[in-house]
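I opened this entry to note what I looked up, beginning with the sheet and its helix and ending with the salt bridges.

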Amino acid sequence: MPHQSIAPAHARIAATHEIPEAMRRDVGLLGELLGQVLTEYGSAGLLEDVEALRELTIAALEDPDGAVLAQAEELVASFSADRAKEVARAFTCYFLLANLAEEQHRIRTLRARDGEIPLQDQQPADSVAAAFAHLRDEVGQEEAERRLKELRFHPVLTAHPTEARRNAIAASVRRVGQLLDDRDDPRMGTGALAQNRRELLEEIDNMWRTAQLRVSSPSPLDEVRTALSVFDTSFSKVFTQAYRRMDDWLQGEAGGTEAPKAPAFIRLGSWIGGDRDGNPNVTASITRAAVAQAADRVLGDLEARARTVGLALTLDDRYTPPSDGLTALWGRQRQLSEELTDQAVQHSPREPHRQVLLAVAGRLAATRARDADLSYESPQELVADLKVVQDSLAAGGAKRAAYGDLQELIWQVETFGFHLAELEVRQHSKVHSQTLAWLQDPEGVEKTAVPGEEVIETFRAIASVQQRFGVDACRRYIVSFTQSAQNLADVYTLAEKALGGAEHAPVLDVIPLFETYEDLQNAPRILQEMLQNPAVQRRLEQTGRRLEVMLGYSDSAKDVGPVAATLALYEAQEKIAAWAVENGITLTQFHGRGGALGRGGGPANRAILAQPPHSVDLRFKVTEQGEVISARYGNPEIALRHIEQVAAATLMASAPSTERRNAEAARRFAPLAQQMDAVSRERFHGLVDAEGFAPWFAQVTPQDEVGLLAIGSRPAKRGLSVESLEDLRAIPWNFAWAQARINLTGWYGLGSALEAVGDLDQLRSAYADWPLFRALIDNIEMSLAKTDRRIAERYLRLGDRQDLAELVLEELDLTTKWVLAITDQSRLLEDHRVLGRAVELRNPYVDALSLLQLRALQALRTQDHDGVDVDDPRNLLLITLKGVAAGLQNTG
């Protein structure tokens with residue numbers, strides 16, 4: 001008799017959004033195997049309880065009176081403490097498996113599309129080839145190729161704690177994903193499928209038996225190692241694959257036989273081990289260690305690749321004669337080390353290209369080992385050697401060898417250098433001013449009030465990193481809460497004081513971070529004042545007048561709400577871009593986006609195409625964090641698709657037609673934007689500025705408990721308690737509202753703004769013609785779809801402020817009404833078949849976890865904790881936090 005599955009498709013969802021058969025099969029298989037694991041676990045009645053709760057939450061979707069959901073609550077209340085935790089763990093495991101089934105279907109779809117699309121004709125609209133063709137038609141071939149060479153995508157990994165899974169669980173998920181992918185191989189016979197099923201069972205059983213909660217928070221170096229694992233599984237291969245695909249699209253049949261047209265357009269950054277804003281665990285020694293670990297990883301990878309490529313170059317000098325340049329390079333290598341070159345000759349007689357490249361690999365090994373006699377001084381020196389080999393191969397007629405794997409090695413070096421990811425340092429502006437005051441009067445400032453010595457040591461760490469690994473390994477210094485040009489000048493002053501003068505100070509690109517609504521408004525003035533600083537002027541001369549400015553999405557949305565923040569960010573980008581043009585500056589606007597919709601989340605390519613003229617200008621830099629890193633880059637095929645979409649959008653954003661469309665739409669709908677801004681801000685402040693809002697927020701959401709999750713080295717709040725929103729970081733602010741199934745940070749204020757406008761025809765026209773407005777509405781629609789009013793009401797009852805609860809629910813209803821009217825839909829995500837299907841499939845299972853979480857919160861909120869053991873409800877709560885995060889996916 002087959003084992004019962006905890007995840008059969010139910011009729012209502014199947015009727016609303018048809019589930020593809022292959023995906024249905026995967027979900028059914030994984031659900032069945034999880035059911036078998038739960039049965040074999042031996043906890044009597046566990047699977048039956050899971051099934052009973054699942055069936056009730058599904059049936060509750062069809063019950064407008066709420067009686068069935070009340071039955072589900074009663075069932076949850078009847079569970080013992082241990083059973084409640086077991087059920088929560090079961091649903092969390094299910095979401096981890098359901099995510100894999102959805103991911104596998106995306107991969108399956110991408111593979112099918114690739115098999116149907118010819119190399120150059122009829123490319124998808126969001127492909128690089130289509131974007132380049134569009135650009136070529138508008139600006140001409142020569143200008144399009146020039147712009148292509150300027151293309152830059154710069155993702156920056158951050159350690160913000162939004163990824164709620166343990167590394168052990170994440171590794172198990174990857175292994176299940178690979179086994180699931182193996183089942184798509186048509187060569188698998190009955191025996192292989194049976195073996196695969198047995199291995200899946202074993203892995204799911206391991207996943208079930210692995211504790212879902214970390215015992216302690218990860219250290220910053222743990223976070224570094226987690227990021228480096230993504231390099232191993234994805235970045236090291238995917239980036240060069242993206243270049244190769246682009247080049248094949250651009251060159252057609254000539255791809256791989258001619259000098260590439262595709263540039264190495266990706267640069268990887270990292271804040272992990274460098275972001276010390278509010279994180280006392282990130283020290284100067286951590287920064288040094290973070291860079292050293294990344295450098296060791298990439299140098300090891302480059303050495304292995306160079307050796308692999310070299311061993312394959314078995315070209316005899318009689319058929320592919322070496323060029324004079326190659327012969328000269330070999331001579332220089334002989335001078336450096338006869339031992340190294342003798343080994344190459346011994347292994348490769350009459351194969352000069354192989355000999356040279358094996359010697360290159362040997363020098364990379366020496367660079368990794370810090371052997372000064374043989375080390376490469378810089379990545380540029382290595383690229384120069386590789387291009388000598390490439391030119392010699394091409395001149396000798398071996399063009400495929402010249403522009404095949406060897407070219408991918410060159411791309412690899414150009415992308416990662418010897419440091420893998422440039423470490424960026426971030427610190428709060430107030431810390432710099434306090435440190436300067438401490439230096440001027442050490443006795444007058446309490447030593448405990450400012451980490452002055454650590455701030456000074458940070459600059460020394462940057463200098464030592466640059467000396468060992470090169471300037472590009474760590475030169476960007478971001479100043480949080482930049483509110484004046486003096487905040488930026490303070491950094492240069494501290495660097496000089498730390499190293500004993502300007503001549504010894506490290507090379508720094510000091511980047512202002514404008515985060516609050518007020519700071520965004522003041523940004524152009526601050527930037528203009530910054531230009532008067534001699535240190536800034538010197539650096540602009542050195543970089544060819546290149547400058548970065550960072551824009552924070554999180555705190556601006558927490559200041560004024562999602563609608564006003566979106567409009568303020570657009571206006572700030574528009575003004576900063578105009579300022580850069582006026583001052584002859586090549587500007588990169590760095591977007592501090594998160595995964596949650598209240599932090600700028602949503603599809604990156606759509607956001608790029610909605611930006612003001614000249615604000616992108618072929619350069620897109622963005623933070624990637626938490627679950628977004630694993631979702632976008634964890635699977636190589638999905639990562640490749642994401643990179644292609646971003647590259648295509650970044651090219652398209654520079655097209656005259658795109659810039660003209662966005663500029664005209666902004667002018668046309670300026671009065672609409674002004675009205676929406678004013679009304680949404682007033683509505684938002686009416687809620688968050690209400691007396692007692694902060695403690696009420698902590699009561700109706702698991703805000704305090706989020707800080708107990710051991711998911712990051714950074715504290716969740718700036719002080720010991722949260723008396724106002726200023727004390728709370730943006731990530732737990734978003735995370736807590738998402739956990740409560742309210743998602744308030746993604747939509748609050750929009751409904752009132754649209755109601756005030758009241759003109760549906762105008763709003764539909766804006767949705768059709770104004771990309772920024774369309775992106776705003778679409779993102780809020782997704783946020784609303786993941787909101788559940790029935791569940792939200794239950795969280796709001798945890799507080800004692802009916803007036804605030806009514807404000808939230810009224811705005812929710814108003815926003816939903818207007819979004820449906822503008823998009824002309826009868827239900828949310830009706831026109832988004834794939835996304836709508838995924839959200840509808842997940843919501844009832846998230847409901848089950850939410851009811852379990854509510855049980856825990858009610859116990860924690862109502863118990864007299866004196867002498868009472870709160871471990872059971874607290875542990876249950878922490879398990880559900882992880883499960884809901886897995887179910888909703890973009891919570892951070």
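Across which strands does helix α24 lie? I found that helix α24 (residues 562–582) lies across β7 and β8 (586–592), and that helix α24 runs at about 160° to β8. Axes are lines fitted to C-alpha atoms, for helices over the stretch in contact, and angles run from 0 to 180 degrees between N-to-C directions; contact means heavy atoms within 4.5 Å. Helices (H or I, at least four residues) and strands (E, at least two) are DSSP runs, numbered from the N terminus.

Before going on I noted that this is a predicted model, in which local features need pLDDT of at least 70 and side-chain atom pairs count only at pLDDT 80 or more, while totals for chains, interfaces and linings use all residues. Residues are numbered from 1 along each chain as its sequence is written, and side-chain values use heavy atoms, with hydrogens and water left out.

**The sheet**

I read the order of the open sheet as β3-β2-β1-β9-β8-β7-β6-β5-β4, nine strands with parallel pairing, where two strands pair if DSSP finds at least two bridges between them. β3 (422–423) and β4 (425–428) stand at the edges with a single partner strand each, so one side of each has no neighbour in the sheet. I then looked at β6 (residues 509–514) and β7 (residues 546–552), which run parallel and are joined by two bridges. L513 stands opposite M550 in β7.

**The salt bridges**

I counted a salt bridge where a side-chain nitrogen of Lys or Arg is within 4 Å of a carboxyl oxygen of Asp or Glu, and by this rule the count comes to 68. For exposure, buried means under 20% relative accessible area, exposed over 50%, and partly exposed in between (1.4 Å probe, protein chains only).

D301 forms a salt bridge with R305, their closest N and O atoms being 3.7 Å apart. Both residues lie in helix α11 (residues 284–312), four residues apart, or about one turn of the helix. D301 counts as buried, at 19% relative accessibility.

R764 and D824 also meet through their side chains in a salt bridge (3.7 Å, N to O). This pair links distant parts of the chain, 60 residues apart, with R764 in helix α35 (residues 760–769) and D824 in the loop between α38 (802–823) and α39 (833–862). R764 is partly exposed at 32% relative accessibility, whereas D824 is exposed at 60%.

Lastly, I noted a network of salt bridges that links E422, E424, R476, E548 and K621.
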